[in-house]
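Subject: Structure for you to look at

Hello,

Here is the structure I said I would pass on. My notes follow below it.

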Amino acid sequence: MLKVENLSLRLGSTQIIRDISFEVSKGELVCLLGPSGCGKTTTLRLIAGLEKPDSGTISIAGERASGSDFVLPPHKRHVGFLFQDFALFPHLTVAENISYGLAHLGKAAAQARTKELLEQIRMLHHADKYPHELSGGEQQRVAFARARAPRPPLLLLDEPFSGLDTSLRGRIREETLRILHNRGVTAVMVTHDPEEAMMMADRIILMKDGEIVQVGTPDEIYHHPVSPFAAEFLGEINRLKGTADGDRIETDIGSLANAGFADGTSVDVMVRPDALKLSPGAGAAPGQPCARVCDVRYAGGSSHIRLGLGEGEVPHTHVQVRRPGRVVVHEGERLGVEIDPSQTFVFQSSD
């Protein structure tokens, strides 16, 4: 449905996008994920035809839409765009906003399509209201319906949930995902929220500094990151120093299998908070490292424990541990620590 090949864009002296390529299949929801300024929104604007690339091409449904010598205007691309601020027309009612892009249909067909969309977003009784009379969540649903009204082959969403309250964001996100999947809509969504991307995307395109770092399913990127940046961006992580010693990697909280590093190589060992298993210090296995509890916080269904490593009173390193439920431990207590290798990633040290 969408093919981006060797796309680049420079604004002044700044390289915004650098030689990126990816494809989106029909019915797939792909998230462009990355920190602010990484180029994800610019990529979306290039796909929409709001920017002209310096090099590379964009094809939509098999037709060339952009190149360095040609840009098909946005209104001729048949692409739906849901803006971050929703951009509803304040002087039009809900129904009029949704039907705005249906002028090519006859009156009866436009009214039927508008009613269909109002029913999908459960806002039929709000049809005659104006945007200022709606909540943020209701405005988002109207903007979503308006973007889908002409049945575009491709829907682009720019941080569509970022302006919503936390309590509302999850519900609206689930409703949006259900509609997209039930209708087989092809979509590209921009977000800086890893949790949101992992919950919604069929595939994630992780970006940094205008380049693509990794492409994969949420499971692939979370469990098999290709770089320290990918490991850290997809979730909280502990970074430890390690050294290759024969067939093992030695760290302050135990050893791991060595996957090919030469003896003496310094490595960065990245361990997710869920990957650290705890046991009472007195019951730790012989040779199992112990750590001192420095802080305990309870957050709903999980416990967050900060451990200090080292035998002295002042730890030389701290690690965060997250365990389900309420774990009853006390500050100053010593606990045995064990690493789960499946949630641990080793890269050659960048120092």
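Strand β5 (residues 63-67) pairs with β6 in the antiparallel sense over two bridges; strands here are DSSP runs of E of at least two residues, helices are runs of H or I of at least four, both numbered from the N terminus, and two strands pair if DSSP finds at least two bridges between them. Ser66 stands opposite Val71 in β6.

This is a predicted model, in which local features need pLDDT of at least 70 and side-chain atom pairs count only at pLDDT 80 or more, while totals for chains, interfaces and linings use all residues. Residues are numbered from 1 along each chain as its sequence is written, and side-chain values use heavy atoms, with hydrogens and water left out.

The open sheet has five strands, in the order β2-β1-β4-β5-β6, with antiparallel pairing. β2 (14-24) and β6 (70-71) are at the edges with a single partner strand each, so one side of each has no neighbour in the sheet. Helix α1 packs on the sheet and touches β1 (2-11), β2, β4 (55-60) and β5, where contact means heavy atoms within 4.5 Å. The direction of α1 makes about 65 degrees with that of β2 (axes are lines fitted to C-alpha atoms, for helices over the stretch in contact, and angles run from 0 to 180 degrees between N-to-C directions).

How many residues of α1 (residues 40-48) are buried? Seven of its nine are, where buried means under 20% relative accessible area with a 1.4 Å probe, protein chains only. Among them are Leu44, Leu46 and Ile47. Gly49 follows α1 and has a positive phi, near 90 degrees.

Regards

Key:
Buried < 20%, exposed > 50% of the residue type's maximum accessible area, 1.4 Å probe, protein only.
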